[in-house]
Amino acid sequence: MEEASAQAHVHAPPEGFLRKYVFSLDHKVIGKQYYALALLAVSMGMVLSWLMRFHLVWPTTRIPGLELLSKAGAPGGVITPEYYLSLLTMHGTLMVFFVLTNAPFAAFGNYFLPIQIGAEDMAFPRFNMVSFWTTLVAFLVLILAFAVPDGPPISGWTSYAPLSAVGKDAGPGMGWGMNLWGISIAIFCIGSLLGALNFIATTLDLRAKGMTLMRMPICTWAWFITSCIALLAFAVLLPACILLILDRTAGTSFFIPSGLVVSDRLQPHSGGSPLLWQHLFWFFGHPEVYIAILPSMGIVSHILINSMRKPLLSARVIIYSMMSIGFLSWMVWGHHMFVSGMNPFSSLLFSFPTLTITIPATIMTLIWLGSLYGANIRINAASLFALGFISMFVSGGVSGFFLAQPSIDIVLHATYFVVGHFHMVMGVASIYGVFAGTYFWFGKMTGRMMNETLGQLHFWLTFIGTYCIFMPFHYLGLVGNVRRYSSFVDDLIYSRYKGAPAPENPWNGTTLEWSVPSPPPWNNFGGKHPVIYHDPYQYDVKGSKGDYIMQDSPESSAG
């Protein structure tokens with residue numbers, strides 16, 4: 001049986017262009033295919049983010065050619081508020097699923113995991129090929145949403161119900177665009193499940209003689225732990241997407257409550273719960289954060305050891321910390337739902353593991369920093385991006401302490417503070433791990449070295465740019481700047497200097513602030529001390545000024 005298992009992954013050398021480069025069974029080619037798909041997805045995601053940022057700065061400015069992509073969403077090249085939400089939805093979906101899951105995990109893991117454990121290929125090469133092509137189909141189905149008449153959905157990458165479940169009544173893009181989103185993510189889940197099973201089987205069954213688990217490189221451990229998380233996470237999201245599609249197309253009511261009116265139309269559903277979608281989505285969604293970040297943690301650890309030319313203070317503690325993060329990731333999903341009306345006791349219960357999960361992450365950071373102390377590290381593009389990963393991970397992670405507290409999260413949840421937090425700790429930090437791995441392994445993957453001078457220039461521009469972009473998001477959030485809004489007009493500044501002169505009492509108020517000029521003089525009452533004759537809210541009473549009496553007015557009520 002062991003011999004049969006060991007030979008199950010063996011296949012003949014590829015013959016012909018299609019078998020060698022397209023429908024390849026070679027894990028190295030499949031790894032490159034995943035990387036190429038992630039590169040295409042991140043390019044599209046960046047363009048969408050540029051369009052969103054351009055619109056936020058100049059909301060009425062025409063973007064030449066954009067009307068060709070969507071006549072309804074960008075008439076005359078000007079992005080409508082609804083189309084802004086469509087761009088936001090597609091940007092988030094592309095980056096979370098097709099970039100942050102594909103690049104550090106599927107791409108590098110496929111290429112290097114078999115080599116690092118001494119295997120000839122993955123345990124199931126045909127499954128491996130199918131997993132990539134399934135993922136590619138999911139990507140194409142998602143992009144097809146740009147081509148349908150109503151355009152991409154406006155539901156955000158989380159696609160909260162009931163907005164995502166009721167169909168086209170919910171707004172532009174919520175017809176076929178939303179259907180394609182649900183189908184795409186369901187297909188993506190299938191590909192990810194096949195890939196996760198393959199990673200687990202390969203790691204457990206195909207290690208070379210003498211390659212015990214504790215002799216595996218740290219990045220191999222990271223890919224293995226990530227595959228275990230992915231196996232459970234995508235197994236939850238897949239049926240959730242199927243239920244969402246059934247609600248939209250088959251008249252079921254999993255996520256739609258009874259008596260719901262959308263766009264003045266009573267929805268023909270009953271008995272569902274919008275919160276059920278949130279529970280299912282975030283039960284996947286928070287482990288997804290670690291599906292994105294754990295491979296980068298492993299890659300960074302691997303590169304730091306190589307650059308320092310010495311072991312970390314404790315590689316085993318790094319491995320145990322990654323295991324702890326993987327285990328605790330299943331206990332914290334409720335912190336995404338503090339503003340959903342959750343029972344305060346439940347919020348408190350989710351707050352504790354959310355704070356606890358920072359402990360293994362902190363231990364890993366301390367080991368990285370302690371190992372760097374006194375080390376004569378080789379400075380190159382790969383090691384710089386590894387160090388940049390630590391910086392981004394710490395800077396973005398610190399803000400997580402705020403959001404772990406229900407009372408604080410309720411205030412900050414709908415603001416740019418959250419946008420800055422998850423971009424730095426999930427998005428940018430993971431991408432830094434991808435950059436580090438690219439510079440470190442590019443020579444092994446292609447036989448050619450990358451330009452070191454351009455690599456270091458790439459790092460410094462990226463490092464400085466990242467802080468300039470995402471740190472201000474935290475400050476904006478602290479002062480209440482809300483997220484998901486398509487524009488922030490300058491009405492406040494215009495009104496401050498060019499607004500109509502304000503009378504003393506434009507709202508017919510009764511309290512003392514409405515008895516002084518606008519704005520009040522330096523001593524408020526001009527040296528006169530007011531005398532109070534009434535309670536503060538004398539409304540709907542007859543006085544000389546109509547239906548109200550000022551608090552300092554000596555007149556009495558007529559009725």
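**Briefing: core, rings, helices and a hairpin**

At 1% relative accessibility, S371 counts as buried, because buried means under 20% relative accessible area. S371 sits in helix 13 (residues 358-372). This is a predicted model.

**Around S371**
- Neighbours within four places in sequence are set aside here; beyond them, S371 is in contact with M308, K310, L312 and L313.

**The nonpolar core**
- The largest nonpolar core has 154 residues.
- Which of its residues touch the most other members? They are F97, W223, W368 and F389.
- F389 has contacts beyond its neighbours within four places in sequence: I293, S296, M297, V300, W368, A429, Y432 and G433.

**Aromatic pairs**
- How many aromatic pairs does the structure hold? There are 43.
- F98 and F188 are both buried.
- F463 and Y467 also pair: their ring centres are 5.2 Å apart and their planes stand at 70°, so this pair is edge-to-face. The reason is the cut-off: planes over 60 degrees apart count as edge-to-face.
- F463 and Y467 both belong to helix 17 (residues 452-478). Being four residues apart, they are separated by about one helical turn.
- Is Y467 buried or partly exposed? Y467 counts as partly exposed, because its relative accessibility is 21%.
- One aromatic cluster is formed by F97, F98, F139, W157, F188, F234, F255, W277, F281, W282 and F284.

**Helix 9 and the residue after**
- Helix 9 (residues 218-249) has 32 residues.
- At 1.5 Å a residue, helix 9 should span 46 Å. Its end C-alpha atoms are 46 Å apart, which agrees.
- Just after helix 9, G251 takes a positive phi of about 80°.

**The strand pair**
- Strand 3 (residues 539-543) and strand 4 (residues 546-548) pair in the antiparallel sense, over two bridges.
- What joins strand 3 to strand 4? A hairpin does, through two residues.
- Y539 stands opposite Y548 in strand 4.

Conventions. Residues numbered from 1 in each chain as written. Predicted model: local features only at pLDDT ≥ 70, side-chain atom pairs only at ≥ 80, totals over all residues. Heavy atoms only, no water. Core = buried A, V, L, I, M, F, W, Y, C linked by side-chain atoms within 4.5 Å. Buried < 20%, exposed > 50% of the residue type's maximum accessible area, 1.4 Å probe, protein only. Contact = heavy atoms within 4.5 Å. Phe/Tyr/Trp six-rings, centres within 6.5 Å; stacked < 30°, edge-to-face > 60°. Expected span 1.5 Å × (residues − 1). Pairing = 2+ DSSP bridges.
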